[in-house]
Amino acid sequence: MKNTPYNLRAIAAKALSSVLDQGQSLSTVLPALSKEVSEKDRALLQELCFGVLRVLPQLEWYIQQLMAKVLTGKQRSLHYLIMVGIYQLVYTRIPPHAALAETVNGAVALKRPQLKGLINGVLRQFQRQEDQLKERSQNNECRFLHPSWLLKRLQQAYPEQWESIVDANNQRPPMWLRVNRLHHTRDEYLALLTNAEINAFAHPQFPDAICLEEASPVGRLPGFEQGWVTVQDASAQHCVDLLDPQNGEQILDLCCAPGGKTTHILEAAPKAHVLAVDVDENRLKRVKENLQRLQQQAEVKCGDGRYPENWCGDKQFDRILLDAPCSATGVIRRHPDIKWLRRDRDIAELAALQKEIIEAIWPRLKSGGVMVYATCSVLPEENAQQMREFLARHPEAKLVATGDKENPGQQHLPHAQDGDGFFYAKLIKA
């Protein structure tokens, strides 16, 4: 065990409390807390936080079997500390004695030293009953590691596939790269990875996508700082394949943050005039950072998609990529906190917001122009159903390359060896 001025398990418990009790996203919480730990401990902090959120129902069930009364109120952070302890025992290679000692000491860091004995007792009891508890948990709904409302929606939408979707959601995500075609072909970059002793393979459909067999720090990737490659999921890359941007065109990337698709558009059409718009000023900083790394130029504005007159006047566009705000149920494996931050009622609210944005932005597309509507959701209300209703309202909208009026759009489901869950609909204004 290392002597550090901080307790990593206590910091992980604080992060989990911020997500589960205060409704903050882990991607917002973790960067600030990571500054409290050494660089070599950051990967473990991330593993503990993401891991606990991935298997949360199972850990909750274990604790219910081990404690007559769960910790609440001011002691709630100790509940998450116990989760961190059990997670280490089940899912990591940390020696059990070290995991126990560091977790128990976390009570001191959380200013509850009087509960060290309780935490020690619960964790040792878990060790004694681990095999029995694991076996019993397999007969409980907690084994699916999803909230019941989401399970129900997946079962209704995908009666034949829901279990494979759930299984993919529960996996660690693969690391996909997008090769910058302005620097190398995909085959050329695969050769560079081979020379760097990094094993990878190409996606069978998406022309710029490469998957690493094992995740790698970006510093090891050939030419990352020079913009030769970008970390981006394969399914997200397909949006720009469908958009098919051309040099000289006026292109709108709406809801653009963090900028992965903006930069992909400019790799495909470096002389296009791109306006990148997002409602979140803070997330636009990432867009500007990505443009800078890739040495690209785009006009970046903060604006609400429902009110385009506020940020583009009466301007019209040759192509529009609308990566609509959504439930993000297709990217759960990357962001397991989504399962616990989303609520069933959110889906109708998000569908209504999507409708408002698409109705506001459709008039900004030139006659003969192309719009790609995309979400990282797998729920029909946000996807096929949304498009079906839009097409019924707009006879001038023609669906191309992505389904038909009865089954509009192309739904990509998450898969362990493939991209995230994504939906695409390509429309031409007749």
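Start by selecting helix 8, residues 148-157, where Trp149, Leu150, Leu151, Arg153 and Leu154 are buried. Helices here are DSSP runs of H or I with at least four residues, strands are E runs of at least two, and both are numbered from the N terminus. Buried means under 20% relative accessible area, exposed over 50%, and partly exposed in between, with a 1.4 Å probe and protein chains only. Show helix 9 (162-169) and helix 16 (346-361) as well, since the buried residues of helix 8 pack against them; contact here means heavy atoms within 4.5 Å.

A word on what you are viewing: this is a predicted model, in which local features need pLDDT of at least 70 and side-chain atom pairs count only at pLDDT 80 or more, while totals for chains, interfaces and linings use all residues. Residues are numbered from 1 along each chain as its sequence is written, and side-chain values use heavy atoms, with hydrogens and water left out.

Stay on helix 8 and click serine 148. Serine 148 is partly exposed, with a relative accessible area of 49%.

Next, zoom out. The protein chain has 17 helices and twelve strands. Its radius of gyration is 23 Å, close to the 22 Å that the globule rule gives for 430 residues, so the chain is as compact as a globular protein of that length. That radius is taken over C-alpha atoms, and the rule is 2.2 Å times the number of residues to the power 0.38. Of the 430 residues, 55% count as buried.

Now select helix 4, residues 56-66: eight of its eleven residues are buried, so this helix is largely enclosed by the rest of the structure. Among the buried ones are Trp61, Tyr62 and Ile63. To see what they pack against, show helix 1 (8-20), helix 3 (39-54), helix 5 (76-91), helix 7 (116-137) and helix 15 (338-341).

Move on to strand 9, residues 365-375, where eight of the eleven residues are buried. Strand 8 (residues 317-323) runs parallel to strand 9 and is joined to it by six bridges. On the strand 12 side (residues 422-429), six bridges join an antiparallel pair. Strands count as paired if DSSP finds at least two bridges between them.

Then try aspartate 208, in the loop between strand 2 (200-202) and strand 3 (209-212). Aspartate 208 is buried, with a relative accessible area of 7%. Leaving aside residues up to four places away in sequence, aspartate 208 touches Leu177, Arg178, Val179, Arg181, Arg186, Gln237 and His264.

Finish with some backbone geometry. Most residues other than glycine have a negative phi, and most peptide bonds are trans. Alanine 257 and proline 258 are joined by a cis peptide bond with omega of about 10°; proline 258 sits in the loop between strand 5 (250-254) and helix 12 (260-268). Aspartate 244 has a positive phi, near 50°, and is partly exposed at 39% relative accessible area. Last stop: alanine 328, in the loop between strand 8 and helix 15, has a positive phi of about 60° and is buried, with a relative accessible area of 12%.
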